[in-house]
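I opened the model to go through its helix packing, its sheet and its metal site. My notes follow in the order in which I looked things up.

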Amino acid sequence: MNILAFESSCDETSAAVVCYDGEGFIIKSNIIASQVETHKLYGGVVPEIASRAHVEAISPITYEALEKSGLLLSDIDLVAVTSNPGLIGALLVGVNFAKALAVSNSIPLVAVDHIKGHIASSFLSEDAPKPPFIALVVSGGHTAIYKMESYTDIKLIGTTRDDAIGESFDKIGRMIGIEYPAGRGFDELSAKGFERAVGLSSGYFKRYKASDAHKDASMQLPSPALKDGSLDFSFSGLKTAAINLLHRFEQRGEKIDRELFAARYTYEAVEAVAMKIGSALLSNEDCDLVVAGGVAANSHLRARLSEVAAKYGRKIFIPPVSLCGDNAAMIAASGYYEYQKGNIARSSLNASALDSVV
Ligand code: KG4
Ligand code: ZN
């Protein structure tokens, strides 16, 4: 089965051709037109500009995706498109384009939830996870833990009560001079910090005890893991504490060690995720772990969650960095399973800004 898929929920327009050969997925093409350079000027995504850029990009990248795949539109058996959640104007571009293409060529259409799409990026690998499994989605808009009961049935078991982890990396990264989106630059900076911290003291990143408070107290940050027995997070406290810490340095006229600061921030954010994933695995003994979303590219998160999965004797599936961010190949993989389940979209399909998994 040949699937033509579209993704336009935020600031990447993507079209992909993916084939399912009965055993697994083969990515024939996965074209991503990023708008990052445009939005960088404003320090974040400007929704109206994003919608207009999607309108300009979607036709050319569809031609490009088909051409690169070596297939014709007449070879396509299924059209899949992200319908929610995301920026409404941006989503509408993809949904209407996909609808028009599917209806005018009599190809079935499926609507894909962006979150399920991210999770499906792990299905694109040769060694793909099999449900049930626990899925962590860490992106610019989400920090959530799900249980995938099947390829299509998803249950939310933990989430952030305020900011998403990627959003917090972007915000704090910007404050220390990294351009939007700051996640990758923050990762590179913190990797250097982690390397140096090992030389500083072996316990540098161990949690502080009250008696250790004198040690490097200027760099202390609180944990964003909620200690209420839930699998939830709250990143706003960590973010505010980090902003206050940066202000204190500024007021004292001191220059902060950006590498160590980025490492400490990353450490606290990732430890909270690791702790909750540990609890989720503990109470779901039959489940392996899937990690997905833009922040799944983070080197420290990848390494730390691999340790957690190993500790509980589970397999971990994390897509290659190239498939962690928004792309249409992952939408094709999720769309395939929606189609198998009979979830064909009507021509009245509409986009929605909201999460459907709550
Ligand atoms: O999944 P995604 O491409 O878009 C959303 O659906 O939100 O995720 C984008 C997020 C941004 O916040 C970006 O800064 C972050 O992923 N990101 C990273 C890294 N690469 C991208 N965060 C931490 N470390 C990275 N290496
Ligand atoms: Zn995304």
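Axes are lines fitted to C-alpha atoms, for helices over the stretch in contact, and angles run from 0 to 180 degrees between N-to-C directions. Helices (H or I, at least four residues) and strands (E, at least two) are DSSP runs, numbered from the N terminus.

The model is predicted, so local features need pLDDT of at least 70 and side-chain atom pairs count only at pLDDT 80 or more, while totals for chains, interfaces and linings use all residues. Residues are numbered from 1 along each chain as its sequence is written, chains are lettered from A and ligands numbered from 1 in the order in which they are written, and side-chain values use heavy atoms, with hydrogens and water left out.

**Entry: helix 5 and its neighbours**

I took helix 8 (residues 258-282) first. Helix 5 packs against helix 8 at about 170°, and the axes are 12 Å apart. The two helices are therefore roughly antiparallel. For contacts I used heavy atoms within 4.5 Å. From helix 5, I165, S168, F169 and I172 meet F261, Y265, T266, A269 and V273 of helix 8. I sorted these residues by class: Ala, Val, Leu, Ile, Met, Phe, Trp, Tyr, Cys and Pro count as nonpolar, Asp, Glu, Lys and Arg as charged, and the others, Gly among them, as polar. The contact of helix 5 with helix 8 has 7 nonpolar, 2 polar and no charged residues.

Next came helix 7. The axes of helix 5 (residues 165-175) and helix 7 (residues 236-251) come within 11 Å and cross at roughly 5°. That makes this pair roughly parallel. On the helix 5 side I found S168, K171, I172 and M175; they meet K239, A242, I243, L246 and H247 in helix 7.

Which residues of helix 5 are buried? I165, G166, S168, F169, D170, I172 and G173 are buried. After helix 5 I noted G177, which has a positive phi near 85°.

I counted two strands as paired if DSSP finds at least two bridges between them. The sheet is open, has 5 strands in the order 3-2-1-4-5, and its pairing is mixed. Strand 3 (25-34) and strand 5 (109-113) are the edges; each has a single partner strand, so one side of each lacks a neighbour in the sheet. From one strand to the next the twist averages 20°.

I then went through the pairs. Strand 2 (residues 12-20) and strand 3 are antiparallel and share 9 bridges. T13 stands opposite A33 in that pair. Helix 2 (residues 47-69) packs on the sheet and touches strand 1 (2-7), strand 2 and strand 3. Helix 10 (residues 328-340) also packs on the sheet, touching strand 1, strand 2, strand 3, strand 4 (78-84) and strand 5. Its direction makes about 120° with that of strand 1.

Strand 1 and strand 4 run parallel, joined by 4 bridges. I3 faces L78 there. Strand 4 and strand 5 are parallel too, with 5 bridges. V79 is opposite L109. I checked burial in strand 4: 7 of the 7 residues are buried, so the strand is largely enclosed by the rest of the structure.

**Entry: A111**

A111 sits in strand 5. A111 is partly exposed, at 24% relative accessible area. Leaving out residues up to four places away in sequence, A111 touches V81, S83, E338, A345 and L349.

**Entry: hairpin**

Strand 7 (residues 143-148) and strand 8 (residues 154-159) run antiparallel through 5 bridges. They form a hairpin with 5 residues between them. A144 has T159 as its bridge partner.

**Entry: zinc**

What coordinates the zinc ion (ligand 2)? H114 (NE2), H118 (NE2) and D326 (OD) do, at 2.0 to 2.1 Å. Donors are N, O and S atoms within 2.8 Å of the metal (3.2 Å for Na, K and Ca); water is not among the atoms, so sites may look incomplete. The donor spacing in sequence is H-x3-H-x207-D. H114 lies in helix 4 (residues 114-120) and D326 in the loop between strand 10 (316-317) and helix 10, so this pair ties together parts 212 residues apart in sequence. H114 and D326 are both buried.

Notes
Parallel < 35°, antiparallel > 145°, perpendicular 65-115°, else oblique. Buried < 20%, exposed > 50% of the residue type's maximum accessible area, 1.4 Å probe, protein only.
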